[in-house]
Amino acid sequence: MNLFLAAFAALGISSSIMVIRANNPVYSVLYLILVFVNVSGILILQGLDFFAMIFLVVYVGAIAVLFLFVVMMLNIKVEEKQESMLRYLPVGGGIGLIFFLEVVIGLDKEFVPLNLLSLGPSYESEILPEYLHWGETLAQKTGIEAIGQVIYTYYFYYFFMASFILLVAMIGAILLTLHNDPKVKRQEVFEQNAREFSRTIQKAS
Amino acid sequence: MFYLFESDFLGLIPETFLLLGLSALLGYGVWYEKGRESDMTSHQLWIGGLCLVFTFILLCESPLMNMILCYNTLIIDGMSAFLKSLILISTLCIFGLSFAYLPQERIKAFEFIILLLLATLSLMLMVSSYDFISLYLAIEFQSLGLYVLAALKRDNEYSTEAGLKYFVLGAFSSGFLLFGASLIYGLTGTTNFEDLGLLFTGVGPTDLFTQGSIVVGLLFLSVAFLFKVSAAPFHMWSPDVYEGAPTVITAFFSIAPKLALFGVLIRVFYLGFFDFLFSWQQIFFFCSLASMVFGSFGALGQVKIKRLLAFSSIGHVGYMLIGLATGTLQGLQGIFLYLLVYMIMTINAFSVVLSLRTREGEPKFLLDLKNLNLKSPILAITLSITLFSMAGIPPLAGFLSKFYLFFAALDASLYSLAILGVLSSVISCFYYISLIKLMYFHKADEVELKPILPIDSQKGLLLGLSFFGILFIFLYPSPFFLLSHAAALSFS
């Protein structure tokens, strides 16, 4: 488990460094996708299966692909790397150090000793009293099952509302982009299918 | 056999009816023959209006007055019934204004009507939402529709700018709302308003830690809502959006979302966080002050009609926030009364603006009002009475509502708000009266007066009804007092 965590975290961090260091913007976006995949791996390790899947579907499936399209369409040249990174080091490094210290201090002081699961099942603390986790003795459901059971019954209203939002988004997108102008060229499926190869290509004499 | 939500759907009959009606209209619009869209928008307006009337009747005749629906996500009470009926009436009036506007502006898209109906539905659900998640979903539902409506005239740069600006800033304020709600959820573990209210009973001023962390969440929440109602420090988007959007949509923006958002504000702060009254009172105190001042001073420099109306609505929001800052039932009643009167006045003002259309197009500048008295004396007198009412001159409806709010503020010992409110309404008198001067006491130019187009019957009806309301509410105000009192009593 810990090995997986280390692997995902190391890959995630190194590919996120590559996002900002890659020469080609397309490579950057591809590395970004790799970051998302690794992060969703970490989420699965935490037991957040539904969240991990949503992360993959939304970020990789929709947003990163959109990024990729935009980057490809914008025709950005491979940027020149004359300027050195040292110029940004004082400010960026300072902010990074502050964040690092915050995380280290926060982890050390608060969360790690309380999180018994991370220390293994055989750990017995002298300071912390031991609890019987009643939740674990019950039959457990995975996250997706639990969300499904709640969202289709008690909270069906939220599900409905999400669908209405999608309906409005659909109508709005059609209204704002569809041009009913006769000058706009459209695909004529029938004409395409009825076209004959021999008549289409003509030899200019 | 007992089902989970057996009686809940009975409480949701008006909304369900509206949803089914608009789905049928959507189907009709898709099915209808291409090339005859301009006929169809007229059919759709009639049927959509009928839908709204039926929804209104269902709402008024509903036997379920107080109910919590759908597993603590929605609530029906006096306030929701009052505000929902106002929202339905205002949408109906917008439909009335659209009959002539759509063909004049060559808007053929029937989705206009569908989106307005969807926005109405979402506003109704917003008023009765009882939980942060349902509230957020309703707000998103509403604002997505309104973004599209603001950018409806996509060939017009102003309209596109309005849509884009509204979208970016609306998304920004939704982010604030989510952040505040998640802070409060992280601290308390609940998103339900009543649970929050019960949890905070008595902890307000005592526990410093709880108060400190809740107040941060409250600050984010109130900033998000104040953004959406365009109260003063967060009002920058509203003149641009109001100017750019098609005029009918501007009228809708300045009435219906405000009705619903004030309902939401009252529900969140009076039901969920009433024990933190002294924390949020200051926020609303400040914003109310700022909105009144910015609304009246900002309007002085405007040269375009719609921008002026936007600033005037910012000022009105400031007056309504007085009622929220009082923290009393009297203040709530004042808000409800003000919302009613504000709705009538705004509908009247926008129908006058829409009636001023000449053959060249819509009037944009205030100077187009010049010598209105010679062109159409009836319109001139209607507009001037409405402006007097907006300024709060005594025998008119606007005076009644302002008077009530100022007295509520005095009873809650918010003397500075009441005094500054009176002062800023004096300043607002200045620019309203300058408009009246422009209409009446201006030398007739040698340039010939452009005749205004004939007014269609729906707009005429609206003009007459709202003018009648503005003139005579003051004579017999007790039904409106009773209605607003009944709405306010749901928070006693």
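Helices here are DSSP runs of H or I with at least four residues, numbered from the N terminus. With that in hand, note that this is a predicted model.

Start with the largest pocket, whose volume is about 1,200 Å³. It is lined by 33 residues, and those closest to its centre are A:Leu178, A:Asn180, B:Lys108, B:Ala109 and B:Arg154.

Which helix gives the largest share of that lining? It is α7(A), with 5 residues. That helix spans 156–177 of chain A, and it is joined by α2 (13–31) and α3 of chain B, each supplying at least two residues of the lining. Sorted by class, the lining of the largest pocket holds 15 nonpolar, 13 charged and 5 polar residues.

Next, the serine. B:Ser62 sits in the loop of chain B that runs between α3 (37–61) and β1 (67–69). Is B:Ser62 buried or exposed? With a relative accessible area of 16%, B:Ser62 is buried, because the cut-off for buried is under 20%. Its side chain reaches the backbone nitrogen of B:Leu64 at 3.4 Å.

Last, the cysteines. How many disulfides are there over all chains? The count is 0, with a disulfide taken as two cysteine sulfur atoms within 2.5 Å. For B:Cys93, the nearest cysteine sulfur belongs to B:Cys60 and is 14 Å away, so B:Cys93 is in no disulfide. B:Cys93 counts as buried, at 12% relative accessibility. B:Cys287 also counts as buried, at 3% relative accessibility.

That is the end of my part.

Conventions
Residues are numbered from 1 along each chain as its sequence is written. Chains are lettered from A and ligands numbered from 1 in the order in which they are written. This is a predicted model: local features need pLDDT of at least 70, side-chain atom pairs count only at pLDDT 80 or more; totals for chains, interfaces and linings use all residues. Side-chain values use heavy atoms; hydrogens and water are left out. Buried means under 20% relative accessible area, exposed over 50%, partly exposed in between (1.4 Å probe, protein chains only). A polar contact is a pair of N or O atoms within 3.5 Å; within protein, one must be able to donate a hydrogen and the other to accept it, and residues adjacent in sequence count only if both atoms are side-chain atoms. On a 1 Å grid over the protein atoms alone, a cavity is a set of points where a 1.4 Å probe fits but cannot get out, and a pocket is an open set with protein on both sides within 12 Å along at least five of seven lines; lining residues have an atom within 4 Å of a point. Grid points are joined across faces, edges and corners, and a volume is the space filled by probe spheres set on the points. Ala, Val, Leu, Ile, Met, Phe, Trp, Tyr, Cys and Pro count as nonpolar, Asp, Glu, Lys and Arg as charged, and the others, Gly among them, as polar.
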